[in-house]
Amino acid sequence: MGALTLYAFKSAFCLSVLYLPFALLLRRETFFAFNRFGLLLIVGLSLVVPCLDIPLWDFPVGDVFESQRRSVVEVGMPMAVKADVAGDNGVAPAGSGALWPYVLVYTYIIGMLACLLVKGRQLYRLLRFIPSGCLWTDVYDGVTIYCHAGSVGAFSWMRKIVVGEADSAPDSPVMMHEMAHATRCHSWDALFVACTEVLQWFNPCIWMLDISLREIHEYEADDIVLRRGVTARNYQLLLIKNAVRGSGIAFANAFNHSLLKKRITMMMKEKSSKWARMRLLYIVPVTLIVIGAFASQKFVVQTAPLGSPSPETAAPENTSAMQAATVADEASPAAGLSAGETKETVPSQAATDLASAVAEGIESQPEPEKKVFDVVEVMPVFPGGETEMMKYVATQVRYPVIAEKMACRADL
């Protein structure tokens, strides 16, 4: 859940950075289909960009750090320290550190579940209301029409339209408006944004984007109705007449929207220039900046020339060479030089040959098994026993002449 919470915060940051310039630059333009695509693109990028892990910066590490890199065995906290801090099961105890990460995660989960519950309840009410109290149904151009009795606020959801008896004619502006919502798949946009709202329920920009997208849906449907021959004056009067109606159904694309003044203003507005669409290109640099903020830094070690041994295979050879060099230094005459003398007088070729020979001997000999003895198991015995040892001493040991003379004087 911690990973989901982090992803949600990154996604919310990305969406906020991408949407705010759109609200300033493109929200009031009259190319509605293009603006709709731009908003959906912003939502899609906010969900995808946090998942990308692109290393944008490669820092080369020189050979001076190569020895340090090889000597590092474990990076990070040792297991013993981890066990002390996090406990035996790897989970930090309640009193061992800050509790705010846990509070943040649990708060996010509770908010997400609450938002999901509210959205699910609204969708359930919508699906239940569509067939209830229906007088008749008809299918027109692949869209199912549900005619309700009385004055019902018209709305659409997916390929279903709910209208009252007075607006059920196919050439009615209300019917054309709702057919535009159904054929342009505006409900899928609303469902997609609703799922994002569940994920980013704490982000005010996603709720603002939802309002902007619904505005564009209404502007696009109004534009389709006007293009089919309905005069702007009659259509505006119809909007004002239907302002008192309301479906009260969330998720649905309702004909009576709270954007009456904005819709009428947008109908009377001059068409925007085609070059104004170039403003959407701001998404490219902003997306790159966000990717750079989420990217991981990668350190690249300079590789050795082709044919040189790899660090894994070179490690034992280097160890043997170091041992051989140590033995060679101890065996060479330069080991006994005084501090004021230099080692330049020592023949380098002989030392090199000796080091190579010792290295080969070390590599060829198996490492003896190390044991610790407290008591000698077999006592050393002279060949032939004590008698032979005494004979050996008597025949081989020669006292100096001075020692013999001194012994004779002592006896006298």
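Author: Before we start, buried means under 20% relative accessible area, exposed over 50%, and partly exposed in between, using a 1.4 Å probe and protein chains only. The model is predicted, so local features need pLDDT of at least 70 and side-chain atom pairs count only at pLDDT 80 or more, while totals for chains, interfaces and linings use all residues. Residues are numbered from 1 along each chain as its sequence is written, and side-chain values use heavy atoms, with hydrogens and water left out.

Reader: OK, is Gly 164 buried or exposed?

Author: Buried, with a relative accessible area of 3%. Gly 164 sits in strand β5, residues 160–164 (strands are DSSP runs of E, at least two residues; helices are H or I, at least four; both numbered from the N terminus).

Reader: And what does Gly 164 touch?

Author: Not counting residues up to four places away in sequence, Cys 147, His 148, Gly 150 and Val 152. Contact here means heavy atoms within 4.5 Å.

Reader: How far is Gly 164 from Met 175 in space?

Author: The C-alpha to C-alpha distance is 9.9 Å, and the two are eleven residues apart in sequence.

Reader: Switching topic: where's Glu 215?

Author: In helix α8, residues 204–227. Glu 215 counts as buried, at 4% relative accessibility.

Reader: Which residues is Glu 215 in contact with?

Author: Arg 27, Leu 259 and Lys 262, leaving aside neighbours within four places in sequence.

Reader: Last one: is Met 390 buried or exposed?

Author: Exposed, at 55% relative accessibility. Met 390 is in helix α14, residues 386–396.
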